[in-house]
Amino acid sequence: MNNILVTNGVTKHFGKHTALNNVSLEIPKNSIYGLLGPNGAGKTTLIRIINQITYPDKGEVFFDGEALKPHHIAMIGYLPEERGLYKSMKVGEQVLYLAQLKGLSKSEAKKRLKYWFERLDIGDWWNKKIQELSKGMAQKIQFIVTVLHEPKLLIFDEPFSGFDPINANAIKDEILHLRDKGASIIFSTHRMESVEELCEYIALLHQSEKILDGRLSDIKKAYKNNIFDIGLETHNGDALLKELSEKFDITTSAYDALQKQLDLTLQLPSNDSGPLLAYLTSKANVNNFIETVPSANEIFIRAVQNKNGYE
Amino acid sequence: MNKLPLIIRREYLAKVRNKSFVIMTFLSPILMVAMVVLIAYLTKLNDNEKRVIAVLNESDYFSNEFLTTESTSYVNFRDIDLETAKDSTSNLGYYGLLYIPKASDLEQVAEKSFFYSKDAPSTAVLSYLESVFEERLRQRRLVQLGVTTEDFAAIDEQFEINISTFAGEQNLKGINEIKAFIGGAFGYLIMMFIIIYGGFVMRSVIEEKTSRIIEVIISSVKPFQLMMGKIIGTALAGVTQFAIWVVSAGLLFLIAFAIFDIDPTVVNSDPNFASSMGGDMAPKIPNGNEMAEEYLKELFKLPLALLLFSFVIYFILGYLIYSSIYAAIGAAVDNETDTQQFIFPIIMPLMLAIYVGFFSVFSNPHGPIAVGFSLFPLTSPIVMLMRLPGGIGENGVPLWQFILSILLLLATFVAIVWLAAKIYRVGILMYGKKPTYKELFKWLRY
């Protein structure tokens, strides 16, 4: 089995509202899987189903090849978007309690907690109450609670909200480290910058339905539309530009006569860029010739627009 | 591994370590004892103030009827006129002067007798004086009418109707009320416990919602487990608190009474206590040791084992039913101010049970209202306990009613906990809007 989690036609209604409609996903092991979508797309509902907080009306969920059962809870770590801790409970006690709820023994939890406290630079907070900590510190504790029982599957819902850039970076490194150690990670967000950096696979939910999923690089390839950024060094840029604009669809262009530098972006009818490159080399000195790859954000927007267009 | 004990333990510790809980636990008995001791002490101080009342008796009808008591003593003036007597009374700082003039007949005496004092006299003093005065004059009148002193003593005998059951068992008057009162105390305890600790459960649920830890927890345990753990943990904390209250209040009373040298019966025998609880139906406090013994004997005949057993059953089931409703309310709202509209319908059956209990069970423990309310599950824990001191079976609660009441309570318990758990499960993840009853009903089907 190469998938840690498979959902098969999962559907969930709340009254008349459909939160998830026939969503099937395959989440590969040992990778970071981005679960994307605008607010209200159904991400949280899907995550809650995986955590067995709610149950699907239709469809099945498989965890590591087995139908999802209550005992799988101990193998899942979940950092919800709406998160918090008992304010008046001491840090040490609280983490031990939550770890024990995940099935860890007290002594084992204590041992691992020490490791994490050192790793995340958390000193003598053991006897501090959560309400005495800053928000960022509390978030670190929250992160430890999520990973302490060394789950096979980690689910982070908007993990970086509430962190300052330095701590956000530290947490990002920890997430990558956990993946390298063998964990599979579901990463739910609507902030696309972090997706580019982290995710190997993505799925896009929109209005309760999955509209796109797969390996991010494959999706990007599929969403490329033969647009090239070109930089040329030439004496007669204006003439060349005119010549090119008769043959190609040029979106932007700029000619700096002083530097003899012509920059332009154009779209080819097909992915075959060889003839164009050959032609350009014969006419000018080619400084750069790059096919632009759409950002996750662009893909996201286009996918949503396409979807809306079909309706 | 079973997670319920973990949750119970946390809820228990979170409760008993809470500062305000600790303060309440240890301060309440001290405050309560201090209050009672203060009242008893002040009463004693008050009584210690000796009053001296001067009596100027010119008539032949009185000789030495006014007897010195613990708080009042009497000084007889002789052979002085009224004005001099008034002056001396006020000069000597006496409380007042009772003047009984010389007159030919009783009516004249009654008409012309006066009590002079600086301020208006206290009713206690006046009523004592009046009773002696009236008694003496009545006696005199009867003598005039030819009744001898022996006959007069014979008049004083009380005439009463004795009561008995058809089976021939003699009953003491008011014993039913005393019994219902004892049951009522148990019922009252249940109500207080439900209101106080049910509220704690609710607040604890709201706290988990507002601190947003709830989703972290229910990704590890079932909402139902969390709810039950919370309810049980809070109940244990409540039992601990009650136990500390009872033990420490008892100890403190002993110590305080020893220190201040107060006779505990001053407090216990306060008739106002009993009558304020039971209204007009409160039993008359029997006078005379013999009567008291009779009542005590009757009280020892109470089915104590049955009472305790049913107290535990009704307590547990009643508390579970109500506190799971409280938990559901806590889950449905975002903050405590939104709870009002839901709390009222819970408190109502409890209040109803107490009032119906005190009025209809006291007057007729087996009347239709009493039976109805002792079967209805939301009121039965309180009302049935008021009826039970009469025992089960003949003269008491019919066995079928007792069993039916417990069965109904059990069925309600299952149904309510199931419903509450559903509302709880949906509610804890809902933020931002104040739900209506209609929405709560919709949640049941999610």
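Which residues of α15(B) meet which residues of α16(B)? I started my notebook here: B:Ala370, B:Phe373, B:Ser374 and B:Leu375 in α15(B) meet B:Ser380, B:Val383, B:Met384 and B:Arg387 in α16(B). Contact is used for two residues whose C-beta atoms, placed from the backbone, lie within 7 Å.

**Ground rules**

I noted that this is a predicted model, where local features need pLDDT of at least 70, side-chain atom pairs count only at pLDDT 80 or more, and totals for chains, interfaces and linings use all residues. Residues are numbered from 1 along each chain as its sequence is written, while chains are lettered from A and ligands numbered from 1 in the order in which they are written. Helices (H or I, at least four residues) and strands (E, at least two) are DSSP runs, numbered from the N terminus.

**Chain B, the helices around α16**

I stayed with α15(B), residues 368–375, and looked up its geometry: its axis and that of α16(B) come within 7 Å and cross at roughly 130 degrees. Axes are lines fitted to C-alpha atoms, for helices over the stretch in contact, and angles run from 0 to 180 degrees between N-to-C directions. The two helices, α15(B) and α16(B), are therefore oblique to each other. For the wording, angles under 35 degrees count as roughly parallel, over 145 as roughly antiparallel, 65 to 115 as roughly perpendicular and the rest as oblique.

A crossing is left-handed if the near helix is turned anticlockwise from the far one by less than a right angle, and right-handed if clockwise. By class, the contact of α15(B) with α16(B) has five nonpolar residues, two polar and one charged. Here Ala, Val, Leu, Ile, Met, Phe, Trp, Tyr, Cys and Pro count as nonpolar, Asp, Glu, Lys and Arg as charged, and the others, Gly among them, as polar.

Next I took α14(B), residues 340–363, against α16(B), residues 380–387: their axes come within 9 Å and cross at roughly 25 degrees. That makes α14(B) and α16(B) roughly parallel to each other, and their crossing is right-handed. From α14(B) I listed B:Ala353, B:Ile354, B:Val356, B:Gly357 and B:Val361, and from α16(B) B:Ile382, B:Val383, B:Met386 and B:Arg387. I counted seven nonpolar, one polar and one charged residue in the contact of α14(B) with α16(B).

**Where the chains touch**

The contact takes 17 residues from chain B and 21 residues from chain A. On the chain B side, α1 (4–17) and α8 (214–218) each supply at least two residues. The largest share, four residues, comes from α8(B). I also sorted the chain B side by class and got nine nonpolar, three polar and five charged residues.

**Chain A, domain 1**

Chain A is divided into domain 1 (3–221) and domain 2 (225–291); the bounds come from an automatic or database domain assignment. Their centres, taken over C-alpha atoms, are separated by 46 Å.

I then followed an open sheet of four strands in the order β2-β1-β4-β5 (chain A), with antiparallel pairing. Strands pair if DSSP finds at least two bridges between them. The edges are β2 (17–28) and β5 (66–67), each with a single partner strand, so one side of each is left without a neighbour in the sheet. Five bridges join β1(A) and β4(A) in the antiparallel sense, and A:Val6 stands opposite A:Phe62 in β4(A). Helix α1 (residues 43–50) of chain A packs on this sheet, touching β1, β2 and β4, and its direction makes about 120 degrees with that of β1(A).

I also checked α2(A) and α4(A), which pack at an angle of about 25 degrees with their axes 9 Å apart. A:Val91, A:Val95 and A:Leu98 in α2(A) meet A:Ile141, A:Ile144 and A:Val145 in α4(A). By class, this contact has six nonpolar, no polar and no charged residues.

A hairpin came next: β9(A) and β10(A) have two residues between them, and A:Gln207 in the turn has a positive phi of about 45 degrees.

**Chain A, domain 2**

My last stop was an open sheet with antiparallel pairing, in the order β12-β13-β11-β14 (chain A). Its twist averages 10 degrees from one strand to the next. Helix α8 (residues 237–247) of chain A lies across β12 and β13, running at about 180 degrees to β12(A).
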